[in-house]
Amino acid sequence: HTTQRSIASQTLPIERIEFNTNGVLTNRWLSSVVQLKMGTRLAEADISIIKAQLEAVGQVHFASVERVFPDALRIDIKEYKPIMRLVIEEPNKKRQLRIISSVGTIYQGIGYNREELRELPFLRPYLYHGGNYQPLQGIERVANLLQTCRQKHPSEYKKWQVVSLKSYSGINNSPGEVIEIQAAHPTDKSGTLSITRLIFSVTTNFNIQLDRLRHIREVSLSIKDPLKRVDLSLRDAAAVQFNSGRTSLY
């Protein structure tokens with residue numbers, strides 16, 4: 001104890017915190033979570049408690065806290081990557097927005113730009129017996145589909161509004177499991193929305209399915225007949241249904 005006390009007395013009070021994150025959390029947020037008493041010396045700061053406080057925040061995947069002698073703390077944070085939104089209803093019937101990460105964690109989003117959040121599709125999870133939607137399993141595969149579409153087919157991604165996990169358990173990637181997307185786009189100048197149900201296989205390459213969808217979209221545009229349903233989960237071809245009732249591309 002004497003040695004620890006002498007080391008503590010030799011270090012200076014904490015003057016600054018060097019803060020880095022790969023996400024959107026700010027210094028202001030940090031100061032609301034990590035509250036150090038004025039005059040706390042560097043050696044007195046309990047870095048394991050600070051790390052635990054930071055990692056207790058749902059948005060934080062990992063936090064690293066280090067002493068930088070003589071008078072600073074270095075805090076590095078890795079945040080979860082947001083990929084979907086979820087509306088939950090609390091017992092008092094009040095609705096709350098939650099964010100879902102690319103690994104399936106659900107958290108309250110802090111510091112995100114509203115426009116950025118608006119681009120994320122809503123998740124419609126399958127409710128288990130008893131009305132619970134957790135645990136969300138296999139979300140990495142869903143994230144892969146969303147990220148592939150966002151990067152390679154941005155105009156298609158903008159149409160995606162709802163992700164349904166009704167036919168996807170995420171447990172064993174069996175061939176029958178599918179991810180359903182509800183895509184919406186205006187059909188005319190009045191702003192009337194046409195909803196297209198898109199069915200993706202979880203075991204087939206998403207690039208192949210998305211390329212097939214792009215071709216089908218082009219046909220739909222050329223014949224001026226909006227798509228009602230596109231099943232891309234079939235092995236060699238897609239099953240299509242247009243608003244008119246037509247079920248073939250040619």
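Analyst: Two strands count as a pair if DSSP finds at least two bridges between them. Helices (H or I, at least four residues) and strands (E, at least two) are themselves DSSP runs, numbered from the N terminus.

User: What kind of model is this?

Analyst: This is a predicted model, in which local features need pLDDT of at least 70, side-chain atom pairs count only at pLDDT 80 or more, and totals for chains, interfaces and linings use all residues. Residues are numbered from 1 along each chain as its sequence is written, and side-chain values use heavy atoms, with hydrogens and water left out.

User: Ok. How many helices and strands are in the chain?

Analyst: The chain has seven helices and twelve strands.

User: And what does the C-alpha trace span along its principal axes?

Analyst: About 85 × 40 × 40 Å. The radius of gyration of the chain, taken over C-alpha atoms, is 24 Å, while a compact globule of 250 residues would have one near 18 Å. The globule rule is 2.2 Å times the number of residues to the power 0.38.

User: What share of the residues is buried?

Analyst: Buried residues are 39% of the 250 in the chain. Buried means under 20% relative accessible area, exposed means over 50%, and partly exposed is in between (1.4 Å probe, protein chains only).

User: On to the strands. Which way do E1 and E3 pair?

Analyst: E1 (residues 16-21) and E3 (residues 72-79) are parallel, with six bridges. One of the partners is Leu73 in E3, which bridges to Ile17. E3 also pairs with E2 (residues 60-68), this time in the antiparallel sense over eight bridges. There, Ala63 stands opposite Ile77 of E3.

User: How many residues lie between E2 and E3?

Analyst: Three, and the two strands form a hairpin. Pro70 is in that loop, and the peptide bond from Phe69 to Pro70 is cis, with omega near 10°.

User: What about E8, how many of its residues are buried?

Analyst: Four of the five residues of E8 (residues 160-164) are buried, so by the cut-off given above the strand is mostly covered. E8 pairs with E7 (residues 122-124) in the parallel sense over three bridges, and with E9 (residues 178-186) in the antiparallel sense over four bridges.

User: What does E9 pair with over nine bridges?

Analyst: E10 (residues 193-201), in the antiparallel sense. Ala183 stands opposite Thr196 in E10. E10 then pairs with E11 in the parallel sense over three bridges, where Ile199 has Asp231 of E11 as its bridge partner.

User: Now the loops. Where is Ser167?

Analyst: Ser167 is in the loop between E8 and E9. It is partly exposed, with a relative accessible area of 42%. Leaving aside neighbours within four places in sequence, Ser167 is in contact (heavy atoms within 4.5 Å) with Glu177 and Val178. The C-alpha atoms of Ser167 and Tyr126 are separated by 8.1 Å, though the two are 41 residues apart along the chain.

User: And Gly111, is that buried or exposed?

Analyst: Gly111 is exposed, at 54% relative accessible area. This residue sits in the loop between E6 (106-107) and H4 (114-118). Gly111 and Gly23 are 88 residues apart in sequence, but their C-alpha atoms are 9.2 Å apart.

User: Last one. What is phi of Lys224 near?

Analyst: Near 50°, a positive value in a residue other than glycine. Most residues other than glycine have a negative phi, and most peptide bonds are trans. Lys224 lies in the loop between H7 (206-222) and E11 (227-231), and is exposed, with a relative accessible area of 73%.
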